[in-house]
Amino acid sequence: MLAASNPKEEQGLRHQLTAGQMAMVAVGGSIGTGLFLGSAPALDLAGPSVIVSFLLAAFINLTVAYALGELACAHPAAGSFGVYGDLYLNAWAGFLSRAGYWAAIAVSIGAEMVASAVYMRHWFPQVSAVAWVAIFSAMLLVVNLRGVGSYGRFEFWFAMVKVITIAAFVILGGALLFSGRVPAQYTAQGGFFPRGHLAPLLAMTFAIYAFGGVEFVAVTSGESRSLREVARAVRITFAMLSVLYLGAIAVLVGVMPWNRAGVTESPFVAVFRSVNLPGASHVMNFVVLTAALSGANAALYVSSRMLFSMARSGWAPTKLGELNAQGSPMLALLVSSYGIVVALALERWAPANAFEFILRTAFFGMILSWVVSLAAHVSFRRRLPPDDLQALPLHSPFGGWGSAVGFAVICAVILKGWWDSRVNFISGVLYLLLLTALWWGIKPGRKS
């Protein structure tokens, strides 16, 4: 079995996470706005054929999940894709994925916290958003500063609320369809391909975004109990996300006319309302609140570990690589919460398009980790001796060629997003240039 590339650099982290906890951290970071909010614009672009979009996205997610799984089993480290980039591509790719991902995921924490404050207005309209952000931030910091085992148990049950809700949505929606209480809408509004046969490709951006978070498993590998737990976590994460997402989209398309989804209310609220669920608005508000807080909690954990890894490998100040008595990188955790301040400042003083701009940049930073990981996996498969590959507890069913296909598709999705939106193009290019300039600035003084 291969050892981690930097066992001494990340020494001190506690190996306490089980496969279930690792999977729920990834699920907690994945299920959120991509499904609850992104489903409406995806439906508008593709109609019922958005099911095809999610099937294609599930395949891409499979290639990413198993590529990350093989690499994480060979090199279990909190630096994850940064380590893979260093080993199998070059130092620039390793830094780009580490720093770009850290900045992106930290900003997403702030976005989720602001969203949580908005949801609380449903029950407490007189309390300011700043107060709720402060309360929730303190709560999440306390959870993350404790031992990783305690954190894993907390996030497991936190994320479980979202899993149960989506499962209930699939069951209720399926019951409505099979009982005939709601006529199936798969071909009722202009057929299965009302926007044309290429429309599913247009909705791929939203579908792939919904699966974002699967890479969290690789980051948690640095604190897993064993390599077999890493392998199990990858399988659980992929299976859970695929079943929940494909089931939810299939039910959503069947229950709601695609040209009315998201016009007046969330499609998920509409399904629960149609079965006369008492207090549907309160139930769904609780669910989306939990989804936001769970996402922020998972993102805070992952971003702190990424910054900790950067500090231990010379790409960030050394102090950020220190651990407290519980084995948590306290300073890295506090610095990684900067996104909360950024989001509050944007909410208070910047126009809405500025907030959109930084979130689009954040999405590009997260996708960078997939691009680097898939490219590194292709090189990893070519260089790894057959005996070492056989010894791994997880094997990608597609090998290196699957990662090559996934790499090409994700790059095409990025370029398509740049073609469609000047904001995407400008923010993405600026992000790459800024990170490259930072790499050149840090490189001469780095102690490797």
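Student: Where is Ser80 found?

Tutor: Ser80 sits in the loop between α4 (50–74) and α5 (81–88). Helices are DSSP runs of H or I with at least four residues, and strands are E runs of at least two, numbered from the N terminus. This is a predicted model: local features need pLDDT of at least 70, side-chain atom pairs count only at pLDDT 80 or more, and totals for chains, interfaces and linings use all residues. Residues are numbered from 1 along each chain as its sequence is written, and side-chain values use heavy atoms, with hydrogens and water left out.

Student: Why is Ser80 called buried?

Tutor: Its relative accessible area is 0%. Buried means under 20%, exposed over 50%, partly exposed in between (1.4 Å probe, protein chains only). So Ser80 is buried.

Student: What makes the pair of Phe95 and Trp315 tilted?

Tutor: The structure holds 15 aromatic pairs. In this one, the centres are 5.0 Å apart and the planes are at 50 degrees. Rings of Phe, Tyr and Trp (its six-membered ring) pair if their centres lie within 6.5 Å; planes under 30 degrees apart count as stacked, over 60 as edge-to-face and the rest as tilted. So Phe95 and Trp315 form a tilted pair.

Student: What does the pair of Phe95 and Trp315 tie together?

Tutor: Phe95 lies in helix α6 (residues 91–120), and Trp315 in the loop between α14 (280–312) and α15 (330–336), so the pair ties together parts 220 residues apart in sequence.

Student: How do you know whether Trp315 is buried or exposed?

Tutor: Trp315 has 4% relative accessibility, so Trp315 counts as buried.
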